[in-house]
Amino acid sequence: VRSPYCFDGTGFLAGGATVLVDDGKISGVEPLAYDVPDGCAVTSYDGTVLPGLVDAHTHLVTDSGLNALSRVAGYTADEIRLVMREAAKANLKVEGHVQTLAGARNAIEAGIWSIAHSTALNDEMHKLMAQKGIWRAGTETPQGLAGHPVSAQAYQRTVAGLRNAYDNKVPLTFSTDADYWVAGMTRGEVCLEFLKTWKDAGIPN
């Protein structure tokens, strides 16, 4: 894959890059003008290529005003289904930004594609999500991020909830909800810190 824009997690590579893929896996990153072996298919891409770790819930810009989340109204299951029908017309999926148990019930009843945040998700909700194949983007914040403290008790609940979802066979997707910066760290480095929670929960690669 040739692209004039390549971001490697710390910065853009000068002049772009040629990304080598072997049997569905990235095997190398070379300069844009790299002479690929004979017989290799070459795809040109005008967008930005970047490493395959995808953060399923993040913020590049955010509304940081007071009570920003409280201004987001809750929806009934029927209202969520309406949104899903309209999204389907554009071949889009719908993720619910869920903060309450009632909201989780409505989203699950409606058959939403995925649920962001894990605060309202318990064993019962996880079992229902697994039955319907609803994805969980839990945004599990680790301990140790400077300026973003997480108590031991809160972290234990986060780890236990993630493990419970895994044990219930809920489809899991990695996400951070990182709408902040940590001094001395790139955005990619902050993202990688969130893998600690998954390791502590015993989620395999």
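This is a predicted model: local features need pLDDT of at least 70, side-chain atom pairs count only at pLDDT 80 or more; totals for chains, interfaces and linings use all residues.

Reader: Where does Pro 171 lie, and which residues is Pro 171 in contact with, leaving aside its neighbours within four places in sequence?

Author: You'll find Pro 171 in the loop between α4 and α5. Setting those neighbours aside, Pro 171 touches Gly 133, Ile 134, Trp 135 and Arg 136. There's also Ser 114: that residue is 57 residues away from Pro 171 along the chain, yet their C-alpha atoms are separated by 9.1 Å.

Reader: How many aromatic pairs does the structure hold?

Author: Two. One of them joins Phe 174 and Trp 198 edge-to-face, with 6.1 Å centre to centre and 65° between the planes. Phe 174 sits in the loop between α4 and α5, while Trp 198 belongs to helix α6, 24 residues apart, so the pair links distant parts of the chain. Both Phe 174 and Trp 198 are buried.

Reader: And how do I read helix packing?

Author: Packed helices are described by the angle between their axes and the distance between those axes. Here, α2 (residues 101-110) and α3 (residues 123-132) pack at about 15°, with axes 10 Å apart. The two are therefore roughly parallel, as angles under 35 degrees count that way. The crossing of α2 past α3 is left-handed.

Reader: Which residues of α2 and α3 make the contact?

Author: From α2, Leu 101, Ala 104, Arg 105, Ile 108 and Glu 109; from α3, Glu 124, Met 125, Leu 128, Met 129 and Lys 132. Of the residues in this α2–α3 contact, six are nonpolar, four are charged and none is polar.

Note on methods:
Residues are numbered from 1 along each chain as its sequence is written. Side-chain values use heavy atoms; hydrogens and water are left out. Axes are lines fitted to C-alpha atoms, for helices over the stretch in contact, and angles run from 0 to 180 degrees between N-to-C directions. Helices (H or I, at least four residues) and strands (E, at least two) are DSSP runs, numbered from the N terminus. Angles under 35 degrees count as roughly parallel, over 145 as roughly antiparallel, 65 to 115 as roughly perpendicular and the rest as oblique. A crossing is left-handed if the near helix is turned anticlockwise from the far one by less than a right angle, and right-handed if clockwise. Contact means heavy atoms within 4.5 Å. Ala, Val, Leu, Ile, Met, Phe, Trp, Tyr, Cys and Pro count as nonpolar, Asp, Glu, Lys and Arg as charged, and the others, Gly among them, as polar. Rings of Phe, Tyr and Trp (its six-membered ring) pair if their centres lie within 6.5 Å; planes under 30 degrees apart count as stacked, over 60 as edge-to-face and the rest as tilted. Buried means under 20% relative accessible area, exposed over 50%, partly exposed in between (1.4 Å probe, protein chains only).
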